[in-house]
Amino acid sequence: MNEKQTYKLTAVGLGPGDPELISVKGLKALQNAEEIFFPASKVDGDQINSHSLKIISTYELKGKLTPLHIPMTGKNREEMYDAAYELIKSSVLEGKKVAVVSEGELLFYSTFGYILRRAQRDAITCDCIPGIPAFAHAGSAGQVSIVEGEESFKVLAKPATFEQIEKELQEEQSLVVMKMKFLKGWPEFLRKQNRNFVYVEKLGTTEEFVCSNPDEMEGREIPYFSLILFTR
Ligand SMILES: C[S@@+](CC[C@H](N)C(=O)[O-])C[C@H]1O[C@@H](n2cnc3c(N)ncnc32)[C@H](O)[C@@H]1O
């Protein structure tokens, strides 16, 4: 790396799914970028699975759109992040205006956290433009306060058992459960709990689904883009 030159990377949180939920600053940064990297769970020729791509494709952008192949599961994750970062870095070192996007908030259960660490290690300056996290949208979608006054709340991601959630629900505080699709039997579990909740799927997309009644969840296949917000 040239010692005198400073290299910069802009990261933009896209919000949970509705393209209009990006910040004005984030959209301007994307419009200004020459290359935009987005995470994709599948890249096979023209076939790309990417929630982020669906969002950014709705904007009029002049920059080249480049996928970062990050499968949802699998081994050697660190090597995968290394490879993604090397792609971004080579574009940054060419002197291009480079942006990286993340669905929701950038630094909340997001690929960009792994990229940021690597960029910091290489002294690449990052301009991080935050996005709305899905759990915040869930409060609005269900029209409930997430927390008020001196209350706290907790987030669980991909809990292994319902017992783990039950234990947290004993605390008198709001609880967000992300990556919930890995547990089966939600309607039965929710019926046993004496707690108000908002369950959301694919917020901000045409397939959005919001409910607060376990009966409405019966028979639904819980998708990856779903979460539950238990309120106090
Ligand atoms: C890898 S994390 C990404 C979180 C994201 N960075 C955020 O700020 O919300 C993926 C999890 O976020 C939640 N999620 C993200 N977007 C969502 C959406 N549009 N609707 C419902 N849940 C969503 C789901 O729990 C999903 O399993």
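**View 1. The aromatic cluster of Phe108, Tyr109, Phe135 and Phe153.** In this predicted model, Phe108, Tyr109, Phe135 and Phe153 form one aromatic cluster, where rings of Phe, Tyr and Trp (its six-membered ring) pair if their centres lie within 6.5 Å. A search of the whole structure finds 10 aromatic pairs.

**View 2. The rings of Tyr199 and Phe209.** The ring centres of Tyr199 and Phe209 are 6.2 Å apart and the planes stand at 65°, so the pair is edge-to-face (planes under 30 degrees apart count as stacked, over 60 as edge-to-face and the rest as tilted). This pair links distant parts of the chain, with Tyr199 in strand S10 (residues 197-201) and Phe209 in strand S11 (residues 209-211), 10 residues apart; strands are DSSP runs (E, at least two residues), numbered from the N terminus. Both Tyr199 and Phe209 are buried, meaning under 20% relative accessible area, with exposed over 50% and partly exposed in between (1.4 Å probe, protein chains only).

**View 3. The rings of Tyr224 and Phe225.** Here the centres of the Tyr224 and Phe225 rings lie 5.1 Å apart with their planes at 80°, so this pair is edge-to-face. Tyr224 counts as partly exposed at 29% relative accessibility, and Phe225 is partly exposed with a relative accessible area of 29%.

**Notes on the views.** Residues are numbered from 1 along each chain as its sequence is written, and side-chain values use heavy atoms, with hydrogens and water left out. In this predicted model, local features need pLDDT of at least 70 and side-chain atom pairs count only at pLDDT 80 or more, whereas totals for chains, interfaces and linings use all residues.

Terms used
Helices (H or I, at least four residues) and strands (E, at least two) are DSSP runs, numbered from the N terminus.
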